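Here is a short report on one structure. Keep the sequence and the 3D view open as you read.

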Amino acid sequence: MGIDVDIIFKIAGVGLVVAFLHTILDQVGKKEYAQWVTLFGFIYILFMVASVVEDLFQKIRSVFLFQ
């Protein structure tokens, strides 16, 4: 029941891309856009983690037979 390593690499990849875009936009002087990119990246990762937590709760529910 280990966590899939693929999801960790996806989160790390999104984090790297968001950090890169934030840095570039901040250097260019587009701080507002940089903040929006960071916010959208955070929301995207939040939904990815929420799906993993949902799968975890489904497995717990199936173990304890709360159907």
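Start with Lys10. This residue sits in helix α1, which covers residues 5-28. The model is predicted. Lys10 has a relative accessibility of 45%, so it counts as partly exposed.

Now look across to Met48. Lys10 and Met48 are 38 residues apart in sequence. In space, their C-alpha atoms are 9.0 Å apart.

## Two salt bridges

The structure holds two salt bridges. One joins Lys10 to Asp6, with the closest N and O atoms 3.6 Å apart. Why are these two separated by about one helical turn? Because Lys10 and Asp6 are four residues apart in helix α1. An α-helix has 3.6 residues a turn, so residues three or four places apart point the same way. Asp6 is partly exposed, at 38% relative accessibility.

Lys31 and Asp26 also meet in a salt bridge, at 3.5 Å from N to O. Asp26 has a relative accessibility of 29% and counts as partly exposed.

## Helix α2

Helix α2 runs over residues 31-64. It has 34 residues. From first C-alpha to last, α2 reaches 49 Å. That is close to the 50 Å expected at 1.5 Å a residue.

Which residues of α2 are buried? They include Ala34, Gly41, Ile45 and Met48. Helix α1 is part of what covers the buried residues of α2. Just after α2, Leu65 takes a positive phi of about 60 degrees.

Ile43, in helix α2, is partly exposed at 33% relative accessibility.

## One aromatic pair

How many aromatic pairs does a search of the whole structure find? The search finds one. The rings of Trp36 and Phe40 have centres 5.6 Å apart and planes at 35 degrees, so this pair is tilted. A pair of aromatic rings is described by the distance of the centres and the angle of the planes.

Trp36 and Phe40 both lie in helix α2. They are four residues apart, about one turn of the helix. Are they buried or exposed? Trp36 is partly exposed, at 47% relative accessibility. Phe40 has a relative accessible area of 52%, so it is exposed; the cut-off for exposed is over 50%.

Methods: Residues are numbered from 1 along each chain as its sequence is written. This is a predicted model: local features need pLDDT of at least 70, side-chain atom pairs count only at pLDDT 80 or more; totals for chains, interfaces and linings use all residues. Side-chain values use heavy atoms; hydrogens and water are left out. Buried means under 20% relative accessible area, exposed over 50%, partly exposed in between (1.4 Å probe, protein chains only). Rings of Phe, Tyr and Trp (its six-membered ring) pair if their centres lie within 6.5 Å; planes under 30 degrees apart count as stacked, over 60 as edge-to-face and the rest as tilted. The expected span of a helix is 1.5 Å times one less than its number of residues. Contact means heavy atoms within 4.5 Å. A salt bridge is a side-chain nitrogen of Lys or Arg within 4 Å of a carboxyl oxygen of Asp or Glu.
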